[in-house]
Amino acid sequence: MIQFLLNDHLQQEAALPPDTTVLQYLRREAGRCGTKEGCASGDCGACTVVIAEPQGDALRYTPVNACLTFISALQGKQLITVEDLKHQGQLHNVQQAMADNHASQCGFCTPGFVMSVFALQKNLSAAKRGVKREHILQALSGNLCRCTGYRPIVEAAFEACERQPVDQFDRAEKVTLQRLQAIAPSAGQTIRHHEDLNLLPSTVEELAAAYLANPEAKLVAGGTDLALEITQRHRRLTQLITLSHIPAMKTAFIDGEQIIIGAAATLSDCMGLLESEFPDFGALLERFASQQIRNQGTFGGNIANASPIGDGGPVLLALGASLRLRRGSQQRTLPLAQFYQGYKQTALQAGEFIEQILIPRVEADSTRTLKVYKVSKRLDDDISAVCGAFHIEVNHGVVTHAFIAYGGMAAVAKRAEHCEKLLIGQPWQAATVERACQALTHDYQPISDFRASQEYRMQVAKNLLRRCLIETTSTDTLMRVTQYV
């Protein structure tokens, strides 16, 4: 039985198919139609809801896409929708600010914007910091309005976040915490619905046993890609194993000379750690889909999905990352470069899963630098046409280390081995880079699709290597649209 709070009402759901999304539950089962379905793929934000869960002695408020979130993710949490904000006949101040600033036209996208601003307001208040324009733009980057400009919406967000009156959620926080803490331990269960199976393991050991016994089941970490099977392809997923209730797989930490990321750790939870070690990695994650997707999506899912346009793969390949895999009680460590075996094909055996991602740290006195570039049609909330990652070390003007990887250039994310060989041991200068650029034609044979032609992709790949040279040798030259004088 999945137990959660729908605002302040305890819900106990045992009769739902495992592939029920939160959006389907709200509109079909709960009769809450304020949450809209726009794109059904996590691109528009119209279905944004907020999930509150305990974090220490307070609640953390997380905006997510209801269309891509499975009902099992709600176990032990509080689900807040736009209907819950109005209190005692009065609009919440976020809703009032949207009305006062004329920030809505047709209104279809408005509930999603309201919930994103609500979560921002709550998290700013918890962090005891004032709102800045970049906070608002990042919070709203996953919400699209097709009627009007965004100026009144941004102004409404400013007004709502600058005024943070105590609301019903603040007043009930301690009680809500107690109620959630009372139901959270019920994870680690098996839920059957007719012939369907929904498993919620609470430890890695339970997961390993469950997956070994049910190797045909689909593993769900964030579900931001898997849910498209339902919303876009209209398929059934009858056997699911949810990873989001396993604390050991949601950690991200430094252990000596490596960074260890649990396969179920969300991208949002990893951003701070990765940015502190590799600033360009953090900058890429800010452009990784939308905030709602980052709040659900995981590196484990991004890697296991084996998509050629997944942005995590190229960067992790350039950093020389490895994977800790587990099948039953057996573990093995495999370099990421050996994990991808073809389009959507990996080295995983039946019943085997990714437990952790291992990233080598750069030594304090090293001259290695990581440069990452994402080329897409939109700056935010978009998929790469080409993503390039360059891990370069230059000593006394000579390249001593070069790991270069691209996404969007082949059936999988892969290293540019011919290009690397022409760089190693050579002067880090334009002539060397031009020879290495030509070697890219031996490393990749990109395809043409609706995002870019093969000729464009190859030209961009070469230009990104040239940009890497310029950025590392002429640091005063502005090369990015996100740089400011």
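How many bridges join strand S12 to S13, and in which sense do the two strands run? In this predicted model, six bridges join S12, which covers residues 322-327, to S13, and the two strands run antiparallel.

## The antiparallel sheet

The pairing of S12 with S13 belongs to an open sheet of five strands, whose order is S10-S11-S16-S12-S13 and whose pairing is antiparallel. Strand S10 (252-255) and strand S13 (330-335) stand at the edges of this sheet, and because each of them has a single partner strand, one side of each is left without a neighbour in the sheet. If direction is ignored, neighbouring strands here are turned by 25° against each other on average. Helix H8, made of residues 204-213, packs on the sheet and touches S12 and strand S16 (352-360), while its direction makes about 135° with that of S16.

Arg-326 stands opposite Gln-331, which lies in S13.

Is strand S11 (residues 258-262) largely enclosed by the rest of the structure or largely open? Four of its five residues are buried, so S11 is largely enclosed by the rest of the structure.

Thr-266 has its place in the loop between S11 and helix H10 (267-277). With a relative accessibility of 11%, Thr-266 counts as buried, because the cut-off for that word is under 20%. When the neighbours within four places in sequence are left aside, Thr-266 is in contact with Arg-294, Asn-295, Gln-296, Gly-297 and Thr-298.

## The mixed sheet

Another open sheet of five strands has the order S2-S1-S5-S3-S4, and its pairing is mixed. Its edges are formed by strand S2 (9-13) and strand S4 (58-65), each of which has a single partner strand, so that one side of each is left without a neighbour in the sheet. Neighbouring strands of this sheet are turned by 30° against each other on average, again with direction ignored.

Within this sheet, strand S1 (residues 2-6) and strand S5 (residues 78-80) run parallel and are joined by two bridges, and the bridge partner of Leu-5 in S5 is Gln-78. Helix H1, which covers residues 22-29, lies across S1, S2, strand S3 (48-55) and S5, and runs at about 70° to S1. Helix H7 (residues 173-183) also packs on the sheet, where it touches S1, S2, S3, S4 and S5, and the direction of H7 makes about 75° with that of S4.

## Helix H3

Does the span of helix H3 agree or disagree with the number of residues in the helix? At 1.5 Å a residue, the 18 residues of H3 (residues 110-127) should span 26 Å, and the C-alpha atoms at its ends are 26 Å apart, which agrees. Of these 18 residues, 14 are buried, so H3 is largely enclosed by the rest of the structure. The residue that follows H3 is Lys-128, which has a positive phi near 55°.

## Helices H2 and H5

Helix H2 (residues 93-100) packs against helix H5 (residues 151-162) at an angle of about 145°, and their axes lie 8 Å apart. The crossing of these two helices is right-handed. On the side of H2 the contact is made by Asn-93, Val-94, Ala-97, Met-98 and Asp-100, and on the side of H5 by Ala-156, Glu-159 and Ala-160. Taken by type, the residues of this contact are five nonpolar, one polar and two charged.

Glu-162 also has its place in helix H5. Is Glu-162 buried or exposed? Its relative accessible area is 60%, so Glu-162 counts as exposed, a word that requires a value over 50%. Glu-162 and Ile-470 are 308 residues apart along the chain, and their C-alpha atoms are separated by 41 Å.

Conventions. Residues numbered from 1 in each chain as written. Predicted model: local features only at pLDDT ≥ 70, side-chain atom pairs only at ≥ 80, totals over all residues. Heavy atoms only, no water. Expected span 1.5 Å × (residues − 1). Buried < 20%, exposed > 50% of the residue type's maximum accessible area, 1.4 Å probe, protein only. Axes fitted to C-alpha atoms, helices over the stretch in contact; angles between N-to-C directions. Left-handed = near helix turned anticlockwise from the far one by under 90°. Contact = heavy atoms within 4.5 Å. Nonpolar A, V, L, I, M, F, W, Y, C, P; charged D, E, K, R; others polar. Pairing = 2+ DSSP bridges.
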